[in-house]
Number of protein chains: 2
Amino acid sequence: MHESNEDNITEAVLGRVRGASDPRVRTISEALVRHLHAFIREVEPTEAEWEAGIRFLTRTGHMCSATRQEFILLSDTLGVSMLVDAINHRVSAGATETTIFGPFYVPPPEFPNGADISGHFSGSPLYISGTIRNVDGAPLAAAIVDVWHSDAEGFYDLQKLDQHPDHAGRGRFRTDTSGSFRLWTVRPTAYPIPNDGPVGQMLSAQGRHPYRPEHVHFMIQAPGYRKLVTHIFAAGDPYLDSDAVFGVKDSLIRTYQGHIGGLALDGRTMSGPWFSLHQDFSIEPSA
Amino acid sequence: MHESNEDNITEAVLGRVRGASDPRVRTISEALVRHLHAFIREVEPTEAEWEAGIRFLTRTGHMCSATRQEFILLSDTLGVSMLVDAINHRVSAGATETTIFGPFYVPPPEFPNGADISGHFSGSPLYISGTIRNVDGAPLAAAIVDVWHSDAEGFYDLQKLDQHPDHAGRGRFRTDTSGSFRLWTVRPTAYPIPNDGPVGQMLSAQGRHPYRPEHVHFMIQAPGYRKLVTHIFAAGDPYLDSDAVFGVKDSLIRTYQGHIGGLALDGRTMSGPWFSLHQDFSIEPSA
């Protein structure tokens, strides 16, 4: 049987990819063909629409560089990254929920508890503190807490390396004997994902804004426990209901508490407005 | 409701893309999200598999250039191009069937009937002739017949422009008052699609060869009729059952008839082996 027609081509392609020797390649290839063909059969693209799709993917590929990953942005903005995160992090009751890793992590410099990681960032002082516990509530000493966030204009240090070669808004801490960590930095802000490429054009065509609500990233690691990658979002942010990458979970929203002057939680005397964010995290044993 | 969890993220993304002002963008975006999420939910990719997918798409994009379209190869090898062709060319009974356009067409130089278009190609002489008719069987004079094919090593002229700047194996003819056309060229051969990129790696992982069976491309145009894009495949080719791009239809397979010496159909005296291919085409009125 040579024929590839509209009725039998899906079965023909499935028959071909079943030759994969690796069973996982076979499973993924078969599912890809079934779902991709179902999409094409449903929308019945014109040839011009198919060509537009080819051009979109090509431009997305050409936008990718050492400092820009447009296919990850595409995955993020179509909700695929969060779905993959959810599938891979079905956490136990009591454990802190995860959210996406994002493109702005690099292993950060280590600081002592209480240090200020704001570096060349300017903005409103923000005191962040918390305790790392296991799901039974026992505090974990010597856990590694990586923190990273944008500046008050919405840029990560990595996005301005040409102007400021030093890290800022990024640090590694270790919990003390009571399982706690604390640090000073400055408040980040809501910011748009890079939207000068094909993904920005897609968002625009779909009537969507490119903003993510204000958040601080955390990655928490301790021997014998699953690595936790999450954000803590600022309560009240106008983009909490419409995060361009669908990263928000209710349990990850906290008030960034405002203060005016007075004594900060670590005894420092403050002269103007400042904020504090207290967040405890619960991590679960490795599988 | 802020929450994006495994249960509700698909609905959340669908809700977002419904803001598209263009109804076709909305339809395609919604279908894309539903089918893409269904694929992810079925295969439950690990984070490493998701990263491998991002890298595959990125390499595919980076492979695309002015002379190489790796996303079209991906579409071809997953059967998407043929499915789009089938959806867009549901021909009437009696009309010649279509197959994919391929990446090797450029508007060809025009020749008089009977001319030899082989140019710098070498190989076994091939005489091609046929009549263009409407679906009622009436011959169509002055129809435009574009013909293109590979050389005997499987390369199109466009793939060797650095060695041979002139066209070869490519020409435009006009049917005579009896609706017929005829030309000399040389036999092409089965050939592999370009397989030194990500698509070649995918074929290899799926246990597939990259070959297309021997064929000659035809594009036929006449005022008031639908443009016909098709191939005529060589009967007996070992790859007819496994064309890497699923382009074969039974009705498009013909015997490339072998001869030894003697008088060719146009009266030319032949000294060695040569072939002839006779193929009539029926085209249908424009919508």
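User: How many of the residues of helix H5 (residues 80-88) in chain B are buried?
Analyst: Seven of the nine, so H5(B) is largely enclosed by the rest of the structure. A residue is buried if 20 or more other C-beta atoms, placed from the backbone, lie within 10 Å of its own; 12 or fewer makes it exposed, and anything in between partly exposed. Keep in mind that this is a predicted model: local features need pLDDT of at least 70, side-chain atom pairs count only at pLDDT 80 or more, and totals for chains, interfaces and linings use all residues. Residues are numbered from 1 along each chain as its sequence is written, while chains are lettered from A and ligands numbered from 1 in the order in which they are written.

User: Which residues of H5(B) are the buried ones?
Analyst: B:Val80, B:Ser81, B:Met82, B:Leu83, B:Val84, B:Asp85 and B:Ala86. Helix and strand labels come from DSSP runs numbered from the N terminus: helices are H or I with at least four residues, strands E with at least two.

User: And what covers them?
Analyst: The cover of the buried residues in H5(B) includes H4 of chain B, along with H1, H2 and H3 of chain A.

User: How many residues of the two chains are in contact?
Analyst: 66 residues of chain A with 66 of chain B. Contact means that the C-beta atoms of two residues, placed from the backbone, lie within 7 Å. On the chain A side, the elements that give two or more residues are helices H1 (9-17), H2 (23-43), H3 (47-63), H4 (70-77) and H5 (80-88). H2(A) supplies the largest share, 15 residues.

User: How do the residues on that side of chain A divide by class?
Analyst: Into 34 nonpolar, 21 polar and 11 charged. Nonpolar covers Ala, Val, Leu, Ile, Met, Phe, Trp, Tyr, Cys and Pro; charged covers Asp, Glu, Lys and Arg; the others, Gly among them, are polar.

User: New topic, B:Ile100. Where is it, and what does it touch?
Analyst: B:Ile100 sits in the loop between H5 and strand S1 (125-134) of chain B. Leaving out residues up to four places away in sequence, B:Ile100 touches B:Asp76, B:Ser81, B:Met82, B:Asp85, B:Val245 and B:Gly247. B:Val245 is 145 residues away from B:Ile100 in sequence, yet their C-alpha atoms are 8.8 Å apart.

User: Is B:Ile100 buried or exposed?
Analyst: Buried, with 22 C-beta neighbours inside 10 Å.

User: What is the strand order in the chain A sheet?
Analyst: S3-S2-S7-S8-S9, five strands in an open sheet with mixed pairing. Strands pair if DSSP finds at least two bridges between them. At the edges are S3 (170-174) and S9 of chain A, each pairing on one side only.

User: How is S8(A) joined to S7(A)?
Analyst: By six bridges, with S7(A) (residues 215-221) and S8(A) running antiparallel. A:His217 is opposite A:His231 of S8(A). S7(A) and S8(A) make a hairpin with six residues between them, and A:Gly224 in the turn has a positive phi of about 90 degrees.

User: How many residues of S8(A) are buried?
Analyst: Seven of seven, in residues 228-234.
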